Amino acid sequence: MKIASWNVNSVKARLPHLLAFLAAAEPDVLCLQETKCLAEEFPTAAIEKLGYHAEAVGQRSYNGVALVSKRPAEAVRRSLPGAPEDDQARYLEAVFGEVRVASLYLPNGNPVGTDKFAYKLAWMERLHAHARTLLREESPFVLAGDYNVCPTDEDVYDPAAFRGDALCRPESRSRFRALLYLGLFDAFRVFHREPHRYTYWDYKEGRWHRDEGLRIDHLLLSPQAVDRIVACDIDKGPRGKERASDHTPIWCELAA
DNA sequence: ATGGTAGCCTTGCTA
C-alpha cells in the first residue's frame, strides 16, 4: 500500500501535475494540502476518470486538505478534535482497508509572537492528544502532511537564518518531538540518515535551483504501520516542472 | 539592494 503526501498550493492551478503524478506514481492514497478551494469545487470528476475517489474539506483562498484514493474512504473524520470553534480546513482522516490515513496542514505560525504562532502550538497540542487517542487502538495509521516544522537543523538549508522562524523555533520542534515520544515514527528517517533532504523550496531567489530547501512534509507512522514499512522517499520530480508547487511529494510503501 | 515569487472571487494577505 503506497501512501503519498503533497502540498499542491492550489489544486486547481496544479490539476495537470496532480493527474500526472497519480498516473505515474499510482499511490493507493494521496494526501493533499493547500487545495485552496471549497469542497464542492474540488476537481473530483477529473480524478475519478483516473479511477480514484476523492474526499475533501476546504475553504476559499486558503488551507484545504483532501484524500485521493483507489478505494473509497470509510469512517471519514473532517476536523481535528479539540476545538469545535476552529473553522480552518486543515484536517481530514479516513480508513482505507486496515490503515487509517490523515491528511493534515499544520499552521505555519509566522510571525512568531503573534496569535498565529499561538494557534500553531495549540493545534500541535490538539494533534498530540488525537494521536494518543488513535494509538490506543494499536492499529496501523499514518499522519501525513505539511507539518510546517523542520525537526532539526539538518532539515534546513540555512539553520542560522531560520533560527527565529516558526518552522524552526524550539517550541515547534519540542511539540514535534512530543509526537515521536508518543511512539510515532518519522518514516523518512527510518530509511534515510543523510542531512539536507528537502520537501519544500521557496519560489523566491532561486532556492530550487540551488537545492536550498526545508524538510517540512512528514509521514508519521504508528508502530503497527512501521512494522509494515518497506520504503519511503521524497519524489523531487514534480517540483522541477513548469508552474510547480513549492512542495514536492513524499511517499511510503507499507507491505500488505 | 529590505528585494524576490506564487496563488487567490487580488489591490492585501498568506506562505
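Student: At roughly what angle do the axes of helix α3 and helix α4 cross?
Tutor: This is a predicted model, in which local features need pLDDT of at least 70. Residues are numbered from 1 along each chain as its sequence is written. Helix α3 (residues 115–135) and helix α4 (residues 170–181), both DSSP runs of H or I with at least four residues, have axes, which are lines fitted to C-alpha atoms over the stretch in contact, that come within 10 Å and cross at roughly 5°.

Student: How is α3 oriented relative to α4?
Tutor: Angles run from 0 to 180 degrees between N-to-C directions, and those under 35 degrees count as roughly parallel. The crossing angle here is roughly 5°, and therefore α3 is, relative to α4, roughly parallel.

Student: Which residues of α4 make the contact with α3?
Tutor: Two residues are in contact if their C-beta atoms, placed from the backbone, lie within 7 Å. From α3 the contact involves K120, L121, M124, E125, H128 and A131, and from α4 it involves E171, S172, R175, A178 and L179.

Student: Is K2 buried, exposed or partly exposed?
Tutor: K2 belongs to strand β1 (residues 2–7), a strand being a DSSP run of E with at least two residues. A residue is buried with 20 or more other C-beta atoms within 10 Å of its own, exposed with 12 or fewer, and partly exposed in between. Because K2 has 15 such atoms within 10 Å, K2 is partly exposed.

Student: What distance separates the C-alpha atoms of K2 and W251?
Tutor: K2 touches residues including W251 and E253. Although K2 and W251 are 249 residues apart along the chain, their C-alpha atoms are separated by 6.9 Å.

Notes: Chains lettered and ligands numbered in written order. Predicted model: local features only at pLDDT ≥ 70, side-chain atom pairs only at ≥ 80, totals over all residues. Parallel < 35°, antiparallel > 145°, perpendicular 65-115°, else oblique. Lists of a residue's contacts leave out its neighbours within four places in sequence.
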